Amino acid sequence: MRLRSLLPGIPLLMATFCSVVWAGPAQVDGQRIIAADQEPGNWMSHGRTYDEQRYSPLDSVNAGNVAQLGLAWTTKLDIDSGTEATPLVVDGVMYTTGAFSIVYAINAATGELLWKYDPKVPAENLSQGCCGPVNRGVAVWQGKVYVGSFDGRLIALDAANGQPVWSVDTIIDRTKSYSITGAPRIVKGKVLIGNGGAEFGVRGYVTAYDADTGKQVWRFYTVPGDPKLPAENPAMAKAMKTWDGDGWVKWGGGGTVWDSMAYDPQLDLLYVGTGNGSPWNYQFRTNGKGDNLYVSSILALRPDTGEYVWHYQITPQDQWDFTATQHMILADIKIDGSLRKVIMQAPKNGFFYVLDRTNGQLLSAKNFVPVNWASGIDLKTGRPILTGAADYSKEPKVVQPSFLGGHNWHPMSFSPKTGYVYIPAQYTLAELKAAKAPMFLSNKSVVNFGLDVPDLPEDPKILNKIRDAWSGELIAWDPVKQKAAWKQPYISAGNGGTLATAGNLVFQGTADGRVVAYRADTGKPLWEHRANSGVMAGPVTYTVNGEQYVAFSVGWGGIIPLLTGPLTNKGKVRAESRVIAFKLGAHGELPAPKAAPVMPTTHQALTATPEQLTQARGLFNGLCAGCHGLNAISGGVVPDLRYLDDNKHAAFPAFLSGALINGGMPNFSDILQREDMELIRQYLVKRTQDLQADLKAGGHTTAH
């Protein structure tokens, strides 16, 4: 009876003499994932199937009755921070993650917590990743649950109780700021994982480990190493010819595989997307020469050996953080009357690509958001047609889309019924300016772009005008016609991943704290429910005991609110992490959302001169804005430093010197003098006074 209560919906097979024979939880293998449509009530892999379409054949919840969805259950997660995981559901048990890579096993019918595993990521690692301690989920395979921890371990857990089975260190150099935020994939008994860290100066690679033992099977580097050393394989020898000098070596080169993968069992090809060049500045990285393979590329590899098969470089000579790590979808679609095996991607650079996945040939490409860096993609060469409008090597230039992309990691979905891809698109722009000299800081908590510090004006009126240029949109994109079929606008960038279903529905969470459903064919809004926090992750749907559920991971965070708090979600949501699940006819209620912080009474004098404040602003935006927001306007995830009370002002030098390292605040005492710390504190006094004046005037630049 206990077995049944903990693991609802697991089939219990009766043996000849009526004894119970049970294989155990999470008994997933490749054949089961390949045949996923035969058991649509489960969600056994990151994109449900190896093709990563995020389409469910379930239709009990459909366009005719979705308005009757109600809250079935909610489970609070431990840490209120960015929540990006796609939950997996296998035989009635949900496996998911929260911030700091904590793994949860949950009764998928009731929300009851079955077990939890905390990998105990050291808090000092928080500052060693670009975008907070986020995690995009787990993989399951033959009774084990696999998670990549933020500090770079790959861990296998017993699916029955969450106890560790094995753990390996995936990081090749612990003096560098490598991390893991992506979900593992498992193909042919091999656990595949990549790493993040290109902003901090690392060399990218993807690694395969034996799912039973954790033994490394192969590793494929995505950019060359030191040119003084022999290339690891023919693919690296080929890549080396597209780099110049050796300036990139200390900067790492980049090309990290921090998110998307897909697999075609028939072709036996593994597809991985690679990240930006490191540093961003192409002149510093490689003397402004060469395409820099395999930065910002889609790679096809053999999953057994890691052998290179083909590549397509999305953005040659990348200098804008135009990663190709965004979600990739495999599908068979008719183009010009012929059925083609394609791979589709809407990467950061703003163009939607359709490639022949057998050989990497470009079939079509069209921008799905406004772009200024290229006028189009040459179909003969496959290369972008550069405009020069975004070339910041000689003078500052406004780049559209910005480094946050026209589409970021938030997964899209594809419906075979409508033929549309549902893209969580966004409209962003940013000014980039090359640094005067290639200064590299080796501090693990400092990013190295080769650019001047990012900037935003402090004037609320100007800021509000810029904010109006930042927004989001759900786009139903026709990949054959290469144009939008319909769109739904949002007030903010950073909206969640999408789910398409056979019920003619598309589900999505939003940055302003809602979960919504639209008709998949027309985009008509049909249902919404508050979520209490911004929703970024891709939702899933599944069945338990014949009832269909739709579940969302909720929790605002990641780079968009951390860095660009002044421009996103208009200050309406704060971090609050949970899983929420809906079903027809349910009537549950969420608790009230978190209250906004209250402005404390302070007695801090502003003594810095205007010149000193300008210097302090540069220090803050260069060292602190990645977490606390440009110009000290927080995005609702970490504390808003304009709200410091007198006691915290008094302790401020200690905060910058490591006193809060166990809470994730890095130690900057090795690069900041005491007078620098005081300048930053003075800048915060000024920003507090600015906020108080704005509130008194009835302004609305009060993102928390």
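Begin by selecting residues 611–688, a span that is 58% helix and 0% strand and whose end C-alpha atoms lie 18 Å apart; the model in the viewer is a predicted one. The UniProt record, in an unreviewed entry, places the feature "domain: Cytochrome c" at these residues, 611–688.

Next, select Asp259, which sits in the loop between β17 (253–254) and β18 (261–264). Leaving aside residues up to four places away in sequence, Asp259 touches Arg136, Arg185, Thr325 and Trp409. Asp259 is buried yet has no salt bridge, and the nearest side chain of opposite charge, that of Arg136, is 4.1 Å away; that pair is not counted as a salt bridge because the rule asks for a side-chain nitrogen within 4 Å of a carboxyl oxygen.

By this rule the count comes to 36 salt bridges, and a few of them can be visited in turn. Select Arg383 together with Asp291, whose closest N and O atoms are 2.7 Å apart in a salt bridge. This pair links distant parts of the chain, with Arg383 in the loop between β27 (374–377) and β28 (384–386) and Asp291, 92 residues apart from it, in the loop between α5 (282–286) and β21 (297–301). Arg383 is partly exposed, at a relative accessible area of 33%.

Move on to Lys348 and Asp321, a salt bridge in which the closest N and O atoms are 2.9 Å apart, and in which both Lys348 and Asp321 are buried.

Terms used. Residues are numbered from 1 along each chain as its sequence is written. This is a predicted model: local features need pLDDT of at least 70, side-chain atom pairs count only at pLDDT 80 or more; totals for chains, interfaces and linings use all residues. Side-chain values use heavy atoms; hydrogens and water are left out. Helices (H or I, at least four residues) and strands (E, at least two) are DSSP runs, numbered from the N terminus. Buried means under 20% relative accessible area, exposed over 50%, partly exposed in between (1.4 Å probe, protein chains only). Lys and Arg count as positive and Asp and Glu as negative; His and the chain ends are not counted. Contact means heavy atoms within 4.5 Å. UniProt positions are given in the numbering used here, feature names are shortened, and annotations may be inferred rather than shown by experiment.
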